[in-house]
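Here is a short note to read beside the structure. Take the points in order.

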There are 4 protein chains.
Amino acid sequence: MPTNNKLKIFNDPIYGFITIPNSLIFDIIQHKYFQRLRRISQMGLSYLVYPGAHHTRFHHALGCMHLMQKAVNVLRFKGVTISNDEENGLLLAILLHDIGHGPFSHAMEHSIVNDVSHEEISLRFMEELNVEFNGSLTLAISIFKGEYPRQFMCELISSQLDMDRADYLKRDSFYTGVAEGNINSERLITMLNVVDDQLLVEEKGILSVEKFLIARRFMYWQVYMHKTGVVAEQLLMGVLKRAKELVQQGVKLNCSDALFYFLFSEINGESFTNETLMVFSKLDDYDIVAALKEWKNHNDFVLSSLCQMILDRNLLKVKLKNKAIKASDLKEHSEEIIKKYNISKHEASFFVFHGELTNQAYQNKFQKINILFKSGKIKDIVKASDQLNLKALSKPITKYYMCYPKKKM
Amino acid sequence: MPTNNKLKIFNDPIYGFITIPNSLIFDIIQHKYFQRLRRISQMGLSYLVYPGAHHTRFHHALGCMHLMQKAVNVLRFKGVTISNDEENGLLLAILLHDIGHGPFSHAMEHSIVNDVSHEEISLRFMEELNVEFNGSLTLAISIFKGEYPRQFMCELISSQLDMDRADYLKRDSFYTGVAEGNINSERLITMLNVVDDQLLVEEKGILSVEKFLIARRFMYWQVYMHKTGVVAEQLLMGVLKRAKELVQQGVKLNCSDALFYFLFSEINGESFTNETLMVFSKLDDYDIVAALKEWKNHNDFVLSSLCQMILDRNLLKVKLKNKAIKASDLKEHSEEIIKKYNISKHEASFFVFHGELTNQAYQNKFQKINILFKSGKIKDIVKASDQLNLKALSKPITKYYMCYPKKKM
Amino acid sequence: MPTNNKLKIFNDPIYGFITIPNSLIFDIIQHKYFQRLRRISQMGLSYLVYPGAHHTRFHHALGCMHLMQKAVNVLRFKGVTISNDEENGLLLAILLHDIGHGPFSHAMEHSIVNDVSHEEISLRFMEELNVEFNGSLTLAISIFKGEYPRQFMCELISSQLDMDRADYLKRDSFYTGVAEGNINSERLITMLNVVDDQLLVEEKGILSVEKFLIARRFMYWQVYMHKTGVVAEQLLMGVLKRAKELVQQGVKLNCSDALFYFLFSEINGESFTNETLMVFSKLDDYDIVAALKEWKNHNDFVLSSLCQMILDRNLLKVKLKNKAIKASDLKEHSEEIIKKYNISKHEASFFVFHGELTNQAYQNKFQKINILFKSGKIKDIVKASDQLNLKALSKPITKYYMCYPKKKM
Amino acid sequence: MPTNNKLKIFNDPIYGFITIPNSLIFDIIQHKYFQRLRRISQMGLSYLVYPGAHHTRFHHALGCMHLMQKAVNVLRFKGVTISNDEENGLLLAILLHDIGHGPFSHAMEHSIVNDVSHEEISLRFMEELNVEFNGSLTLAISIFKGEYPRQFMCELISSQLDMDRADYLKRDSFYTGVAEGNINSERLITMLNVVDDQLLVEEKGILSVEKFLIARRFMYWQVYMHKTGVVAEQLLMGVLKRAKELVQQGVKLNCSDALFYFLFSEINGESFTNETLMVFSKLDDYDIVAALKEWKNHNDFVLSSLCQMILDRNLLKVKLKNKAIKASDLKEHSEEIIKKYNISKHEASFFVFHGELTNQAYQNKFQKINILFKSGKIKDIVKASDQLNLKALSKPITKYYMCYPKKKM
C-alpha cells in the first residue's frame, strides 16, 4: 500500500482499479475484522459447480464501494446535493454491509447461530468499530440502519437497486463465467436519479431495469440455486447439525476453539454477547474446511461420510421438480441405506431428504423500483414496462428437490 | 492470406480467430460479390447513435460461418451424422445468406427495389456463383431454400435459433457497446440437439433461450428501433423517394450509374433480370453517401435539406408514443413549415410524418423453439418456461413515432 | 442526445460510457466539421487485413477526451492545480487534435495536399471554430500549439505518453482483435505525475511504460505496417497520383467537386487558403471510394486496374525484406508487364515498385519519457529500465518491401 | 456433471467452456487426488496484493488441458500425425503435471519437504493413478518424463512454450486484473508447427513470441515477485521453519495430523515413501491457514507474531534494491527488536532478513524457442528477432530485498 500522498488503489479484474478515497476508509480496510473477509468466500460452495468462483467478501465489499463512488458522482452531476460527510457515510456503510457474514456466506447463516441475520452481526461490528474510531461511523450506521432521513441514501445501501446487488451480480457472473448474468452496472447507475429523497430510475432506463431483473433471475436458477450447489450446501448444513448433536452428546470432536464455541452453545439473538462477537470474528471458511478434513476420519458414520462427500465432491444424487415431493417418494431410498449401512432412521435423514427453493425476481411488496418519466410522473417498474410481463417476475417461483445417495456412496 | 498449406485465418475481436476451412470457401470469400459486403454496413445508420457500429456484412458473414463450424462439431459429438458435403453446404449457405443485402442493409431494402427481399437477391447471387463454381453450391442452395430433406440443417440457416441471429446479436452488442444485448452464443450452441431431423434445445438450456429472447428484445428497442436511428432511416428513405420523383420528372441528379439505374427504373420481382443483378452487385453504401454529399447542394429544397440532415446529424425531432398518432397531431407542425419555407403539402410530408414500429420477441406462429426434456418429451419454449411469462414476448408490441423539424432546421 | 439537464453520454465498447462534460463541447461535437470525422476511418485500408477495423476518427477523438478527463482527475488528486478553464482547454485540444485528417487518415496525407500535415490543418479548423465560438478555444489552441506555459498540458496533447496514443493503441487493438497491442491506459494514467510543469511517470510505472512501448512496436509491425496494408495504401496513393496526371493532361475524370479541386490544383502550405479549407472540410473517405468505383471502368489501363485491385482486394504481391531492394530485383517483373499489357515504363511503375518502412518504438531524441523515483530523482526511461534493453527500441528499424503483379492481374 | 451421452463441460471465465473429452479423463478429474487441487491456490499468498487472485490449481489444470486440445487440432490441421492414444497421453500429462503441488503452490515448495520438487511428486501421483487405472496413464507418464520419442509432445508439456505457461500467464493476468500480462495463447498456438519432431513457431509468430516473453517478464516483476507478495511468502516460510524448530524441541503445537507429519519428520527424496505420498495427498492450503489461526495465540512470541502478520495482513516493511544488501544495513533494525521484545538474535532473524530475487525472461541455455522461416531455415528467437534486443531478456536479473518490522509490529 502506498503512503499517504499517493493514490491508494486495488487492482480489480472487473472495474480495472478501485481507489481508496481517504485514510479513514484505508484504516477500516486494514482492520482485522475487515481483513477476515479475505477468508470468507462470496459464493459458498458454488466453486464445486463453477471452478472459477473463489472470490471473497473482501473483494465484493471493495467493489460495492467503487460503485457507490460512481453513484455519488452521477447524482451530484444531476444536482442532488450530497455532502462530503454523507458521501463518506455511504462509502463506509456499503463497505461494511457484509462484514457480519460467517463462513461460506449464506450457506451457513442459520447453522452457526440461530435466527441472527448477517445484517445484525454487521451492525454489531460497525458499532464496535465506531467506538474504536471515535464515532466516525455514526452517520454510516444511521444510513445502514435505514434511519437516516434522506431515504435515497438508505436505498443505495439496501433496496432492489442497491450497490450491493449491482456489484455481486456482475462479480458472480464474471467469476463463474456465466455471461448471461452480466449486468451493465455502470449504465444502471447512470440512469439513477432522486426525487423527494427517493431513489428512482429515469425513463430511458426501463429496459436496463428489466434486463437487470431477468439477469438476476437467471443467476438465481442457473447459479445460486444450481442443484449441485444446493446439495453441497445441504450436506454442509448436515455436517454442522450432526457435529452439534455429537458435541452435545459429549462426543469428542477436534476443531478450532472458535468453531467449538458455536457447536457447544446454541447462540441466538439474546445470547449473542460481545464475547460472542469476538469469537465470531475469528471464524471463517478455514475453520470449517479444516474441521471437514479432520472429521472425515471420525468414527461417526454420518459425520465422516458427509465430510468426505464434500471434500471429494462425491455428492448425493439430486432431482429438481416443479411439484412438491412426497415423503413416500423417498421411502425406498431411505430404507435401502438404513439396511445397507445399519443406521437409524434419523441418521438416514442426513442422506435422504427433500426441500424447496423459492425465488421472486422482483419483490414488489416491500420495495418497488420506481421509474421517473420525462413528464415527471413516477410509476412502479411493473406498470412502466408494458411489453414484458413483469408481473410474472413478481410471482414467487418454487421448485422442489430431493436428494439420496448414489449407488456407490 | 497465407497460401494453401497454411491455416487461413481472420482476426475477429469477438471470437479471436476465424478459420477458413477449405479452398472453395476461400475462393468464394475472395470473389468480388462477397468482397462487396465489406462496403455494406451491418447496422445501417445506427452509427449515428452508437459511434462504434461501423461493422460490415462481410464480418458478420464470417462470424456466422464460424458459429456454424461450432454447431456442426457439437452435433457430431452428440451423434448426429453430418457428412462432409453437408457440412460444406451448411458453411456456404450461412456464409452467403446475406450476400443479397443492398446499401445500408435493411434501411433501404424497400427503397432501392420494390418487393424483392434481400433473401431472394441472395439466392440469385448464389445461383450465379453456382454456375461459376461448377455446381459446388447446389447442396448449399437446397439448404438455403429450405428444401433439403434434413430439416434441422435448414433451421441452422433460418429459424429463431439460427447461426445468423447467434452472430448478429452478439456482434451488434459488441460494436455498439450495449452490453445488455450480449448473448452467450457458445452456450446456446452447446445445448443444441437434433431429434427426428428437428433442431432442439436441451432442457438445461431453457434459461439460456429465455435470456436470448430477452436480449433480442432489448437490442430491438434499445438499438435497432432507437428513435434517433429510426428517424435517420426514415430520412434516408425520404432521400431516395424524393430522388426518384425528381429523376422521373426529368430533373438532373448526379450520382453513380448503378444508383441512377435504380432511381430511374422501378425494379420489382418480375423486372429483376440478370442485368439488374449485375448492376445491383455494384451498389453499396458508398454510392448512397456520395450521392447525399452531392445532393446536399442540389437546388431542390427537400432533397438538399434531407441530405444535409443526415450528413451533419442534424435530424428531425422524434417522439415515441404507446398510442397511435393522429394526423391532426402533426397538422400544426406541417402548416408551420409550409408557411416558413413556402413549400407544398407533399414536400412538407418529407419533414413531418408519423409511423409505427412493431416487434415480437418470440414468433411462435411459424417457427417454434422446441425444448427437449430429459424424459424425451418435446415442448415449445413458451410452455417449457413456466417462470417467465414468455407469452408476453409472443405478443407483438407496437410503438408509434412522429417526426417534425426542430426550431432551427 | 439528451437535453441540458441530463448526463450526455456516448456508448463506447471500450470504456463503457463517455460523458460530455458541458454544452460548449457538446456543440463542438455537433458541428459539421466534427461530424465529418464520422466518415474518416481511423486506420485507412487496414480493414482489408483486419475486417473489424472500421472505426472512425470521430470515435477516437471522443475516446481521447474521455482519457483526458481521467488524467485531469488523477493529477488533481495528486495535488496538481488545474483550473476549470485549463481543463476545458485540455479537453477541447485533444478532441480536435485530429480534425484536420483527410480521407483514410494517414494513407493519403501526402497525396491530397503537398507538405501540409494534418496537424496544421487541425489548427486551421480550430482557428475557424474559435471565431465561430467567440474565442472560447483560445486556451485550447495555445495548448495544442505547445505554447501554453504549463508544459505538461502540452505533453498531455502531444508527447510519447499523450492521450492520443493512450487511446489509439487501445482502440486499434480492440477493433482489429490483435490482443497483443492492448495497453492498460488506465494504469498508465494512474501513474502520471507532474514535477516542475513536466509530465512524468512514477517509478512504479516503469514496467507499464516498457509494456506500452513494446505494445506500440507490436502494433506497428503487426498492424500498421502489415505488408498487405502497405501494398493497399501504396495502390491508393498510386490511384491519386495517376488521377492527378490524367486530370492535368486534360483527361475527363468523374468524381466529386471537392476531390476534383485537389486533383486539379497542387495545394501546398502557401496555396492553402481559407477556400481550400472549406473544400477540404467536404472531403472524406466516401469521395475516394466513390471515385474508385467510378474509375474502375475508366479506359485508362493503369487507373482502372489500380481501382479494381483495391475494391476487389485483389492486390499486388508483396515481399518484405531486411535488406535494401535493388531496382534490378524488379526488372524482370517490370519487363514482363510492359510486354504483356503493352504499357510504358512509367505506367509499369504503378504496379512494380519498392520502398521502405521505418519505425522507432521510442523516440529518445526529441521527447523523452521521464520517470520520477521515490527519492525525487528523475531519469529517462531508457536509463530507468535496467532490465529490458530499451536502447534497442530507440534504434530506428528499417524494412524493405517490393511489389509486383500476381500471375493473373 | 452430465451423464455419458452428454457433452461434459466446465464453465471457464477465460475460455468460455472447457469440454471433457472422454470418461477416463472425467474419472481422473473426479479422483480425490485431483479434487484436492481445488484447495491449492494457484498463486499462493498473492491475493494479499491482488484481491482477485484466489484461483486454484484445479482450474489451471483444466485450462491447460483445454489449450492442449487446441494445440492438437492445430498441429493435425497442419499435417502432423497425432494418434488418439497420443492425444490422450498429452491431455492426461498436462492435466496432471501440477498434481504434486503442496499448499500455496510454490510458496512452500521447500518448506514442507526438502529437495523434492513438485514435479517429482506429480510423477509419484501419476504412477499411483496408473496402477489404479490399469496402466492407461503409461503413455502420459512417458511424455511427462520427457522420454517419449516424439520430442515435440514432451515440449508441449514442458518447455518455454508449453501449455502450462500458455494457461497460467493468461489466467494469472485475468484474476489479478493485471492486463499487461495477458497473452494471446490462441494466436501462439495457431503459430505452432513441428519439424523433425521438434516444436517450432512459424516466422509470422515472431512478434507474438517476443510479446509473450515480455508479458512473462512483466508478470514476474509486477506480480510473482511483487515485494509485498515476497514478504508474505517469506513470513509463511518463517512460520513453517519456526514450527519445525518448536516441534523438534518437543513444544506442543496444534495442527492437522498431515501437517504435523511434515513438521515432525524432515522428508527428503529418499525418505519420501508411499506412506509419505498418502499423507501428502491430505495436505492443502486449509491445513496451513488453520494452523496459522491456531498458532496466532501460541505463547511463542516468534510463531504467534508471524501468524498474526499474515492473517491480518500487517506485514513487515520491505525494500527492493538493485544492489546487494549488506548485513550491516539491517543491524540497527535487528538490535532494535532484540531489545524491544527481549528476544534472541536467532529469533530476531525471523523479522529482520534479506534475500534476492532472480528472473531470466528467456532461458536460452537449456531450452530454446525456435522459429521456422518460410525458407525452411530454423533460428533461435534471439537471433530471429532483430529489432528487440532479446539478448537482454536472456540475462538473469537479480534484485535484492530487505525486510524489517514497522514501528508498530
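1. First, a term. Helices (H or I, at least four residues) and strands (E, at least two) are DSSP runs, numbered from the N terminus. The model is predicted: local features need pLDDT of at least 70, side-chain atom pairs count only at pLDDT 80 or more, and totals for chains, interfaces and linings use all residues. Residues are numbered from 1 along each chain as its sequence is written, while chains are lettered from A and ligands numbered from 1 in the order in which they are written.

2. Look at residues 53-178 of chain A. The span is 64% helix and 0% strand. Its end C-alpha atoms lie 10 Å apart. UniProt, in an unreviewed entry, lists these residues as "domain: HD/PDEase". UniProt positions are given in the numbering used here, feature names are shortened, and annotations may be inferred rather than shown by experiment.

3. Which chain does chain A touch with 31 residues? Those 31 residues are in contact with 31 residues of chain D. Contact means that the C-beta atoms of two residues, placed from the backbone, lie within 7 Å. On the chain A side, helix 15 of chain A gives the most, with six residues. Other elements of chain A that supply at least two residues include strand 1 (8-12) and helix 3 (57-77).

4. Now turn to chains C and B. Their contact takes 31 residues from each of the two chains. On the chain C side, helix 15 of chain C has the largest share, six residues. Helix 9 (163-176) of chain C is among the elements that give two or more.
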